[in-house]
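Hello,

Here is the structure I promised to pass on.

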Amino acid sequence: MNRHYAYPNGYSAYPRGGGGTFSISPHKFQPRSQPALRRRRQLLVKLLVVGGISLFILFLIIPSWRPFLIPTISLGLFTSSSDDLSLETVRYYDLSETQGTEMGWHREERVLLCTPLRDAQSHLPMFFSHLRNLTYPHHLIDLAFLVSDSKDDTLNLLSEMLTELQGDSDPKMPYGEISVIEKDFGQKVKQDVESRHGFAAQAGRRKLMAQARNWLLSATLRPTHSWVYWRDADVQTAPFTILEDLMRHDKDVIVPNVWRPLPDWLGGEQPYDLNSWQESDTALALADTLDEDAVIVEGYAEYATWRPHLAYLRDPYGDADTEMEIDGVGGVSILSKAKVFRSGVHFPAFSFEKHAETEGFGKMARRMDYSVVGLPHYTIWHLYEPSVDDIRHMEEMELEKKQREQEEKEEEARQQLIKDTFNNPEEQWAKDGAVVKKMDETEEAREREIQRAKDKENGIERDLEEESRIEKEKERKLAVEREKKRAEEKEKLKEEEKEREKKEKEREKKEKEREKKEKEKRKKMSENNNKKPEKKNTNERAVQRPQRQKGADEGPAAKAEKEEIKKEEIKKEEIKKEEVKKKTTPQAEFEMD
Ligand SMILES: *[C@@H]1O[C@H](CO)[C@@H](O)[C@H](O)[C@H]1NC(C)=O
């Protein structure tokens with residue numbers, strides 16, 4: 001049916017259909033586009049349905065996407081209800097809660113325990129034994145490991161031991177979050193004791209170590225951590241309560257004293273970590289003469305800094321809580337408040353005030369007015385790894401021991417032989433003598449009988465007294481004979497004994513000479529190590545140091561007392577230095593990992 005709109009004047013806006021050339025119906029005008037529109041709309045609906053379904057599936061599969069998906073799905077219609085949900089992606093931290101306090105374990109303060117590992121496979125069982133023994137609540141400790149430049153099976157063994165630790169049936173055993181980071185830094189120095197501790201390798205090695213520490217920390221430090229504890233894998237003995245013990249001091253950075261046990265022939269024990277020290281004028285003067293990029297490393301003849309070292313101040317009977325302000329810190333065991341790192345203090349992988357790595361870290365922390373403290377009488381023990389020299393010497397000693405054992409055995413056998421042929425013989429002789437005597441007696445008796453018969457024939461009466469006298473004389477002669485024999489035997493024995501003693505003396509002399517040589521060698525090294533002209537300066541500086549402290553909360557009496565303690569410590573240190581110098585190698589080997 002044709003429709004048209006006619007204007008009042010009868011004029012149609014559209015030509016009528018039919019015969020009319022312009023008969024285009026209005027309804028035919030729109031529908032032309034209708035199928036396209038419908039198709040488009042259908043497509044849109046389909047897309048929405050498919051999209052909705054897939055979102056719904058994703059919603060089911062990946063829960064963590066929900067917060068993102070909900071606003072999308074609800075098209076912003078339920079913004080008020082989705083507010084709480086979207087908060088899940090926004091975390092708020094109040095860092096004033098993680099400042100670190102002296103009773104951290106009561107306040108559930110989290111600790112990040114960082115351990116750099118390099119070819120440390122052999123140390124891992126010991127390290128995990130320490131971890132199991134730590135008394136600080138394990139669930140409050142997150143572990144962070146950096147495995148770098150390792151050629152052994154460190155990584156695999158680490159995974160194994162971590163799996164075992166975290167799967168322990170004792171609910172107190174498993175630790176918090178664990179991060180294992182693998183990254184090589186191109187440490188080319190061999191990890192054996194000689195190469196690791198050689199002077200030439202130090203600066204470069206320390207800079208790479210510094211990088212490793214920074215990588216490890218920056219990748220694993222979370223806003224939840226109040227403390228960072230750096231602990232090497234090759235610590236042999238340490239109190240199980242070490243975290244609480246160090247924390248109690250409430251210092252920004254704190255380290256224990258680090259020694260190492262030695263075999264008896266090397267003196268039994270020795271200071272190990274020489275990187276914890278107080279600054280000295282000598283060292284400052286030395287630093288001024290050095291190139292901008294130079295790195296001073298402690299414990300080497302090349303740099304005689306004459307600094308008071310924490311290690312030398314140790315008194316085995318001293319108060320474990322005694323504190324000493326230090327400038328450089330060693331890395332074997334450092335407890336630090338996390339805020340120190342948060343504020344930008346780090347392990348310089350470049351020369352910072354002529355120091356790098358942990359020593360640079362200590363200096364930097366002090367530069368930022370943090371407290372840096374060492375405990376001279378609170379000691380942990382580093383593993384003793386014999387140097388090539390030590391190994392050689394021990395082999396020599398082993399050989400000598402074997403020789404001595406062999407000699408002793410021979411000696412014993414000889415003594416036994418002597419006993420058999422000397423002591424017993426006495427009995428034997430007695431027996432023999434008796435037999436002989438008896439034989440003699442019968443012989444004599446017969447002779448006497450014959451004689452008497454003859455005498456009788458000759459009419460001579462023998463005096464009985466005379467007879468017994470002769471008999472006695474004979475006995476005496478026999479005894480003298482026996483005595484002579486015995487004396488001869490004794491002489492022979494003495495001769496042999498002398499021979500043996502001579503040998504023994506020669507051996508002792510040899511031993512003494514060797515020891516003397518060893519001592520001279522060490523003395524020479526230690527002289528090199530300490531060619532410092534005026535000791536006085538060091539003392540003065542060390543005594544002055546308390547003035548540099550932030551001692552606002554201390555009364556003058558306490559200060560004076562502290563100064564007194566310090567003076568005494570310095571004195572003790574001098575004595576100790578002498579002692580240690582005398583009995584041990586000046587350690588190139590002190591240097592840390
Ligand atoms: C851990 O404690 C056990 C039991 O007291 C002890 O045998 C072991 O030596 C300790 N481990 C370390 C590394 O001190």
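The shell around the ligand divides into one nonpolar residue, three polar and no charged (Ala, Val, Leu, Ile, Met, Phe, Trp, Tyr, Cys and Pro count as nonpolar, Asp, Glu, Lys and Arg as charged, and the others, Gly among them, as polar). These residues are Met126, Ser129, His130 and Asn133, where near means a C-beta atom, placed from the backbone, within 6 Å of the molecule.

This is a predicted model, in which local features need pLDDT of at least 70, side-chain atom pairs count only at pLDDT 80 or more, and totals for chains, interfaces and linings use all residues. Numbering runs from 1 along each chain as its sequence is written.

On confidence: the mean pLDDT (the predictor's confidence in each residue, from 0 to 100) is 79 for the chain, with 72% of residues at 70 or more. Residues 529–554 have pLDDT below 50, yet this stretch makes 36 contacts beyond near neighbours in sequence (C-beta atoms, placed from the backbone, within 7 Å).

Now the interior. Of the 593 residues in the chain, 28% are buried, that is, with 20 or more other C-beta atoms within 10 Å of their own.

Best wishes

Definitions and conventions. Two residues are in contact if their C-beta atoms, placed from the backbone, lie within 7 Å. A residue is buried if 20 or more other C-beta atoms lie within 10 Å of its own, exposed if 12 or fewer, and partly exposed in between; C-beta atoms are placed from the backbone.
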